[in-house]
Amino acid sequence: MFAINPADPAPIWRQIEEGVRRLIALGALSPGAAVPSMRDLARDLRVNPNTVARAYTRLIEGGVLTVKRGEGTYVADTPVQPKKSERHEVLRDGANRYASTAIAVGADLDDAVDELQTAFERIVREHRRRA
Amino acid sequence: MTDRAIQIDNLTVRYGRNTAVDNVSLNVERGAVYALLGRNGAGKSSLIRCLLGQQKADAGGVRLFGDDVWQRRAALMQRVGVVSEDSDAPPEMSVGALARFCRCLYARWDQAAFETRMQHFGIGLDDRFGTLSKGQKKQVSLALALAMSPDLIVLDDPTLGLDVVARKALFEEVIGELADRGISVFVTTHDLSGIETFADRVGILQRGQLVLDEDADALRSRFRRIRFTAQPVALETGGLAATRMRSWGGGAEAIVSNYDDIAFERFRAASGVSAAEIEPMTLEEIFVAVAGENGGGR
């Protein structure tokens with residue numbers, strides 16, 4: 001599915017949450033598709049099942065995943081996309097972090113935008129290749 | 001009923017004039033995975049012996065599930081599975097005979113779980129313990145510890161001498177058990193690869209003292225390695241604390257233990273110094289930075 005980066009300063013539950021959202025956004029997980037059980041995903045990613053549970057709970061509360069009792073966890077039939085205002089907020093947060101890192105290492109705006117574009121395209125391309 | 005699997009209060013162990021464990025307090029919540037890191041001689045073994053009720057503390061004590069382990073050892077050890085670094089058994093004994101032996105000792109023995117694991121690991125019940133590889137011995141030892149249906153599993157340097165594949169298999173079993181039964185895990189190690197994504201709390205023992213005891217996510221978020229092309233730099237101007245600073249001809253490297261973007265921006269504005277690189281750190285790297293070069297041992 002995706003990998004956990006132990007050197008990523010983002011908490012692992014957030015890496016999982018973002019990983020699932022990314023797979024849905026890129027079409028690798030379709031609406032209604034089954035997602036791995038918490039147990040399997042925990043073993044796969046080698047993380048504490050409680051950490052997976054925390055990510056899944058947030059995704060379920062956010063309307064991205066649904067639980068069918070006794071069956072398992074699925075992508076919602078119409079997975080809730082983050083609201084425009086929420087998306088804005090998340091983007092602004094990430095942008096702030098990225099911009100301050102870029103400034104800290106003395107990059108100019110053009111360099112920073114170039115890197116961002118490269119990273120964006122690389123992630124989309126990698127998913128296409130895997131799909 | 002307490003929510004704590006382990007509660008260590010002011011634990012102290014002395015050998016003559018040597019203090020092996022120096023006033024250590026820590027808690028492990030039920031269902032949590034606690035990784036205790038320390039270099040050889042840091043006091044891990046003494047702490048583990050106290051934790052398992054094998055040694056009396058000179059001061060302080062250990063409670064497991066709310067009960068004092070020194071006073072209620074026999075009852076508590078029915079609930080604690082142990083895989084130690086030197087898990088051993090008579091070499092002539094078969095794996096099946098080992099299981100029969102343990103079955104007599106543990107009221108909650110799960111023979112089916114044991115046999116399933118042996119099949120999964122590709123180890124026969126007739127295999128003699130002495131003929132198994134180091135990795136297989138560890139697998140038998142883990143399967144025995146899990147077959148007693150423990151509420152807590154203590155892994156004392158479990159991956160010592162194991163290759164990557166065997167290490168992965170071992171942790172997968174533990175994670176499965178975490179998911180299925182919600183056990184608590186206490187693991188000591190000086191090798192973090194494999195555990196660093198599934199430990200949710202980390203302690204560092206150094207010369208008998210617990211110098212760090214923190215949520216793993218919090219730890220990862222506050223440590224950074226920053227490389228500068230100029231030197232020297234006064235990070236304090238931004239309120240940043242450098243736990244370690246190294247300079248060389250053209251630059252410097254700092255390990256910052258309270259990084260945040262805003263503080264760094266403040267430092268940059270005040271000093272005019274740009275960093276060449278700001279890197280997040282793995283728990284392994286943080287451990288090395290904290291327990292560091294001048295040695296966590298004695």
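**View 1. Strands β1 and β4 of chain B pair side by side.** In this predicted model, strand β1 (residues 4–15) of chain B and strand β4 (residues 59–64) of chain B run antiparallel and are joined by five bridges. Strands are DSSP runs of E with at least two residues, helices are runs of H or I with at least four, and both are numbered from the N terminus; two strands pair if DSSP finds at least two bridges between them. One of the bridges links I6(B) to its partner L64(B) in β4(B). Helix α1 (residues 44–51) of chain B packs on the sheet, where it touches β1, β2 and β4 of chain B. The direction of α1(B) makes about 125° with that of β1(B). Such angles run from 0 to 180 degrees between N-to-C directions, with axes fitted as lines to C-alpha atoms, for helices over the stretch in contact.

Residues are numbered from 1 along each chain as its sequence is written, while chains are lettered from A and ligands numbered from 1 in the order in which they are written. As this is a predicted model, local features need pLDDT of at least 70 and side-chain atom pairs count only at pLDDT 80 or more, but totals for chains, interfaces and linings use all residues.

**View 2. The whole open sheet of chain B comes into view.** Four strands line up in the order β2-β1-β4-β5 (chain B), with antiparallel pairing. β2 (18–29) and β5 (67–68) of chain B are the edge strands, each with a single partner, so one side of each has no neighbour in the sheet.

View 3. In β13(B), I255(B) is the bridge partner of R225(B).

View 4. L283(B), I286(B), F287(B) and A291(B) are buried in helix α9 (residues 283–291) of chain B. Down the helix axis, these buried residues fall within an arc of 110°, so they line one face of α9(B); the arc is that of the directions from the helix axis to the C-beta atoms. They pack against β3 (33–37), β9 (201–206) and α7 (216–222) of chain B. Just after α9(B), G292(B) has a positive phi of about 20°.

**View 5. Helices α5 and α6 of chain B lie alongside each other.** The axes of α5 (residues 134–147) and α6 (residues 164–181) of chain B come within 10 Å and cross at roughly 10°. The two helices are therefore roughly parallel, a term for angles under 35 degrees; over 145 is roughly antiparallel, 65 to 115 roughly perpendicular and the rest oblique. Among the residues that meet are L142(B) in α5(B) and L170(B) in α6(B); contact means C-beta atoms, placed from the backbone, within 7 Å.

Definitions and conventions: Contact = placed C-beta atoms within 7 Å. Buried ≥ 20, exposed ≤ 12 C-beta atoms within 10 Å, placed from the backbone.
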